[in-house]
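Student: I would like to know how the labels used for a protein structure are decided. Can we go through some of them?

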Amino acid sequence: MSTPETVPVDPAFAARARLDADGAARLRERAARDPDGVWRELAGRLEWMRAPTEIRDVSFDRDDFRIRWYADGELNASVSCLDRHLDARGDRTALIVEPDDPAGEAQRISYRELHARVCRLGNALRNLGVRRGDRVTIYLPMTADAVVAMLACARIGAVHSVVFGGFAPQSIADRIADCRSKLVITADEGCRGGRRVPLKANVDAALKLAGTNSVETVLVVRHTGAGIDMQMPRDRWMHAVVDGQPDVCEPERMNAEDPLFILYTSGSTGKPKGVLHTTGGYLAWAAWTHEQVFDLREDDVYWCTADVGWITGHSYVVYGPLANGATQVVFEGVPNYPDVSRFWNVVDRHRVTIFYTAPTAIRALMREGEAPVKRASRASLRVLGSVGEPINPEAWRWYYEVVGDSRCPIVDTWWQTETGGILISPLPGAGPLKPGSATKPLPGIRAALVDAEGRAVEGEGEGNLVLLDSWPGQMRTVYGDHARFIETYFSTYPGMYFTGDGARRDADGDYWITGRVDDVLNISGHRIGTAEVESALVAHRDVAEAAVVGYPHDIKGQGLHAYVTLKAGVEPTDALRAELVQCVRSAIGAIATPDRIQWAPGLPKTRSGKIMRRILRKIAEGAADQLGDTSTLAEPAVVETLVADARAWS
Ligand code: 6R9
């Protein structure tokens, strides 16, 4: 069996789909003719305390810049996600929490119970002095506590900043300091793949590094029961503060444009930036896309494997699915523990119908062959999703044929932390699929390709991916640095939002994302700025200079290749290499572990001293025969040495 280049829509699927080809075409046409009407309708899916009359107010013009959606509307995100489901579906399961330990029991939490837990924590946070607009950092494992913590912040109008549990203390510290959090919510430990993660100890270390005294309280969830240090009065047990709190909590009345959360993400320069999303537009976009792209229906059991520490966890574990009243699996573990059948066993155990994961997981499982998949039935599955990085056609086909038994459409969803929700994706009942292509922008989304000078690439062609107009889920600012927001996204091509991605558009108008065109790496679907890794390396006393590039990696999509120049007189040894790897892990976290460290006697630079990364990328890719123009190099001999040494890697 082999999948053709184009997979047509299954007529039986289309017949029941929320949007079939005609429905999608009509919506596109309406979105072009009467955008405000479509956007107004989109907002109508939320529970408003005061319905918006102003729909959109947008200008990408630098001198007159504004992005405002539903600006006179008032709502509380937690009400749309919880309260409004209580009457009709309060007993419906909201979360099925599958623990890391496969022998552990899955916990089912109804909407009513989730609401009560959110209210109790909301009250507790208010008692601890957290007020509307205050920032709360959340550093928790993938359990119900994380969902409850986020929604409790939303309930009282506090702005959450979730930090992925794999980040090291320095990264937590930077994120706490940048937004001056008042409170941190963590757990004693997390569990991943049978191993313990010392979350509380990491927070303790982070608070020593943070250089701010903004944090008044650390709330600690007892998760594994491990013995930890509690520093009184700063540290408080979660169970102690929520115990006895009432099950109701008055939701804060928020303006649609009030901040909902900050989520830090890597860019091409400097420290990670705090992407700020607001309440109304973000929630409407997360909910609408979750329903349409996954063709969500009443009887679905949905499972997104992303951690809440990433935007996918925010939009497609917490806000989208809960606003839609869905039943979903929340999974604490990893795909290969206790063995590589875990995903499919969980699918069978909970009769998952919609499954959303990352290409890197698919590629890692593909390497293990079909048997671990075939051991499970997977008969419940009906839609598969992919997110985080380009999915190569081989992995797409394996996902389609082996995991989905060639009967489940795959939605390859392109979007970013900044976009808040999916922008380019197939609608599974509406159009043909192409292995490796995210296909078309969703209705209302004005994507385009431009060349280096910003001229439009029409029809078939390749270029940089931009968005010509806003959508409700767009980020509103970089927390604390609005100038950086405009500079980063709206100055490369004036009047357009620049994504940082390159793409090709084929003759059918379908998009093929080729990857980042800036200095951001995508390692296993995680964004890592080369600048962050470089600064971790040069912090070592023996390092004079470092340059980091990506290279194609079979499982991770991209691997991390670091060129390191040592200070004069320092011997390059394997022990030093191990030390440098450790430096990066402890500055950023394991996700940024360099795959290769190459000793570089010198780095290729222009005469003005700029490192020529283009050349370093080619060398790391093993394409030294395609170095292109090297005439601007200050010292051409440097390149020859690097090329000769790099042969060891290929
Ligand atoms: C949602 C998320 C964003 C970057 C983005 C792009 C890459 C995401 C993709 C994809 C090709 C897809 N990316 N989805 N590339 N096809 N379906 O991953 O957000 O962590 O901010 O990363 O990921 O390069 O610019 P984020």
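Tutor: Start with the term disulfide, which is a pair of cysteine sulfur atoms within 2.5 Å. This is a predicted model, in which local features need pLDDT of at least 70 and side-chain atom pairs count only at pLDDT 80 or more, while totals for chains, interfaces and linings use all residues. Residues are numbered from 1 along each chain as its sequence is written, and side-chain values use heavy atoms, with hydrogens and water left out.

Student: What about cysteine 119: how far away is the nearest cysteine sulfur?

Tutor: The structure holds zero disulfides. For cysteine 119 the nearest cysteine sulfur belongs to cysteine 249, 5.3 Å away, and cysteine 119 is in no disulfide.

Student: Why is cysteine 119 called buried?

Tutor: Buried means under 20% relative accessible area, exposed means over 50%, and partly exposed lies in between (1.4 Å probe, protein chains only). Cysteine 119 has 0% relative accessibility, so it counts as buried. Cysteine 408 is also at 0%, and therefore counts as buried.

Student: Which residues does the UniProt annotation "binding site" cover?

Tutor: The unreviewed UniProt entry lists Val538, His540 and Val543 under that name. UniProt positions are given in the numbering used here, feature names are shortened, and annotations may be inferred rather than shown by experiment.

Student: Why is valine 538 called partly exposed?

Tutor: Valine 538 has 36% relative accessibility, so it falls in the partly exposed class. Histidine 540 is at 5%, so histidine 540 is buried.

Student: What does histidine 540 touch?

Tutor: Contact means heavy atoms within 4.5 Å. Leaving out residues up to four places away in sequence, histidine 540 touches Leu576, Glu579, Leu580 and Cys583.
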